[in-house]
Amino acid sequence: MNTMQKYFDLFNSKLFIYFFFLFITLFLYYPTRQAGFVSDYTSLAVQLQQYGFWDIFRNNWGFHAYIPVGYIHYWLVYIFFGLKSSGWYLVACIWHAANAALLFGILLRYFNVQGIRNIAFFSSLLFLISPFQAEVMVWRVLLHYLLGSFLMFCAFGIALSYLQVPAKKKLAWFFVLSLASLMSKEYAYMLPAIILVWTAYSAKFSVKKIAKNYIFLPLVSMLSVATYLLSNKLMLGVWIGYRGKSEAMSGSAWEYIPRALRYALKYVFDTRFVLESPQQEYLYKLLDTPAILWTILCGMGILYSVYRIVSKNAKALALPWLLSFVLVLAPSIYLFFPTLFFGENDRFGYYASWFLFPGIVLLIFYLKPIIRYAVLALLISVNVYYLKKINTAWAENGMIHRALIEDFRWEDAEYVFILNMPNIYKGLVLFRSCGEYSIMGEELQQIAHRDIKAKIIDVSQYNMMSLEDGLIVQKIADKQYKIEHRTWGRWAWRCAQGEADYENDYYKVHFIAKGFELTLKDIPPQSIFIYQDSLRWKRLDIGEWNQ
């Protein structure tokens with residue numbers, strides 16, 4: 001009996017839950033273990049190899065947002081694993097499982113409602129397996145999102161503990177964790193608003209009770225944000241780094257709720273995968289209409305009324321979780337890209353989804369058991385299916401990236417012109433650059449550690465969608481070529497400018513339906529023209545310039 005009880009206690013322990021979640025994460029993301037070292041990661045690799053530990057505090061590694069805790073984390077990962085993909089994959093899995101386990105532990109410890117263990121398990125599981133977490137998990141340059149999330153969620157847990165039993169020591173820990181979260185990734189700006197919501201909830205919306213018992217918690221939360229903003233100003237000369245106030249807060253207040261609803265629909269109903277782009281655009285335009293906006297506001301009013309009438313009901317507890325989800329989106333709400341890319345920009349919802357899933361599961365648990373578990377089974381199945389799909393795309397993305405770097409053979413040429421640089425693969429960032437020279441040169445130097453003398457230039461970039469993608473090249477006149485993609489649905493552009501014709505000293509580009517026409521001008525001697533074909537490069541023979 002005692003032995004059985006020990007096994008039962010082990011199964012129900014938080015430590016068991018963490019390792020269970022870690023096993024699931026390692027298994028689901030195993031195909032991506034060699035992927036994600038793409039695009040912006042190259043800049044991070046330059047920083048890791050160029051700067052030292054103390055440069056984090058001297059010059060912030062040249063970055064335009066003050067995130068020293070995030071950089072210390074990157075520095076430690078680099079010291080232990082270098083650029084070995086397996087190490088970065090392991091660290092990402094450890095943090096993601098920790099964030100899910102932390103959600104489980106917080107729900108179990110601080111909320112006493114019927115069925116809380118099951119509510120905690122399914123909430124954290126849905127957060128863990130959401131396909132929209134893949135970008136943060138796989139793209140290695142986003143590792144600090146995972147750390148920043150963990151620190152913010154720890155601060156939130158300390159806040160809930162303070163609301164149960166106030167203590168000065170808890171306030172100190174809350175301040176440290178909040179500030180550390182901001183210095184990992186600055187999207188914890190809205191933590192004071194979230195804390196205010198939960199303070200009001202704990203005090204049953206009594207202003208007198210808040211002022212008497214809990215007033216220091218919101219004040220300390222605001223102090224942590226103020227301290228971070230001041231640090232940003234002293235180090236970088238601006239109050240808000242990275243995208244800045246003009247981009248992060250560029251919309252009107254009336255746009256906020258429909259945009260938050262887009263995130264909710266995306267995470268709960270997988271609209272990114274289920275709906276085609278025209279259908280998504282129609283849905284999002286519908287949500288922007290005033291009638292829908294007022295309907296949402298009325299619905300929120302009804303939920304608030306339900307809370308006041310039935311204060312211990314699961315619906316009432318769901319309200320602060322859902323409101324926290326809406327609030328935490330504020331720094332990135334106007335950066336929402338619903339249909340532009342298959343898997344990019346999902347990182348902006350990672351923090352928020354941690355608050356969304358408990359709210360959704362609490363509402364689901366208000367249903368009858370047979371319906372409740374049928375809905376949960378459906379959500380889990382759909383999420384695992386789409387996560388496997390996007391992870392397969394990331395795995396192929398990594399395979400393309402490695403193959404094209406390994407197949408590059410023209411380090412000593414004077415110029416190398418790439419006719420069709422794959423900018424994205426199935427919507428996932430691959431070789432992205434928007435400067436005078438291609439990112440391929442930096443990738444070869446920083447990732448492959450090769451000595452590159454050639455100046456590499458992208459003639460065009462495109463959306464690669466298949467491992468078999470390539471070009472059909474036809475010479476139509478002297479110094480003039482017709483370059484077409486083999487498959488419809490691929491389009492060419494240059495530096496995110498769409499199909500805008502351009503020319504330089506070397507050539508002129510005129511975009512057409514399936515590609516572009518290339519007219520050569522003054523090509524330097526010893527220049528090479530190449531194009532991507534499946535997993536290798538092919539060389540274009542252009543006569544006297546190609547000798």
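Residues are classed as buried under 20% relative accessible area, as exposed over 50%, and as partly exposed in between, with a 1.4 Å probe and protein chains only. The structure is a predicted model, in which local features need pLDDT of at least 70 and side-chain atom pairs count only at pLDDT 80 or more, while totals for chains, interfaces and linings use all residues. Residues are numbered from 1 along each chain as its sequence is written, and side-chain values use heavy atoms, with hydrogens and water left out.

The protein contains 22 helices and 13 strands; helices (H or I, at least four residues) and strands (E, at least two) are DSSP runs numbered from the N terminus. Of its 547 residues, 55% are buried. Among contacts (heavy atoms within 4.5 Å) between residues at least 6 apart in sequence, 74% join residues at least 24 apart.

On the surface, Ile215, Phe216, Leu219 and Met222 form a nonpolar patch with about 380 Å² of accessible area together. Patches are made of residues with over 30% relative accessible area and no salt bridge, like charges being joined within 9 Å and nonpolar side chains (Val, Leu, Ile, Met, Phe, Trp, Tyr) within 5 Å. Met222 belongs to helix H13 (residues 216-236) and is partly exposed, at 46% relative accessible area.

A nonpolar core is a set of buried Ala, Val, Leu, Ile, Met, Phe, Trp, Tyr and Cys residues joined through side-chain atoms within 4.5 Å. The largest has 154 residues, and those with the most contacts inside it include Phe111, Trp198 and Met440. Helix H6 (residues 85-110) gives the most to this core, with 16 residues. A second, separate core of 22 residues includes Val459, Ile483, Phe516 and Leu518.

Two strands pair if DSSP finds at least two bridges between them. Strand E2 (residues 421-425) and strand E5 (residues 461-464) are parallel over 4 bridges, with Met421 opposite Gln461 and Pro422 partnered by Tyr462. E5 and E8 run antiparallel and are joined by 2 bridges; here Tyr462 stands opposite Ala492.

The model has 10 salt bridges, each defined as a side-chain nitrogen of Lys or Arg within 4 Å of a carboxyl oxygen of Asp or Glu. In the pair Lys266 and Asp346, the closest N and O atoms are 2.8 Å apart. Lys266 lies in helix H15 (residues 256-269) and Asp346 in the loop between helix H19 (314-328) and helix H20 (350-364), 80 residues apart. Lys266 is buried at 2% relative accessibility, as is Asp346 at 1%.

Lys426 forms a salt bridge with Glu396, with 3.3 Å between the closest N and O atoms. Lys426 is in the loop between E2 and E3 and Glu396 in helix H21 (residues 369-407), so the pair ties together parts 30 residues apart in sequence. Lys426 is partly exposed at 28%, whereas Glu396 is buried at 18%.

Conventions. Accessible areas come from the Shrake-Rupley method with a 1.4 Å probe; for residues, only the protein chains shown count as cover.
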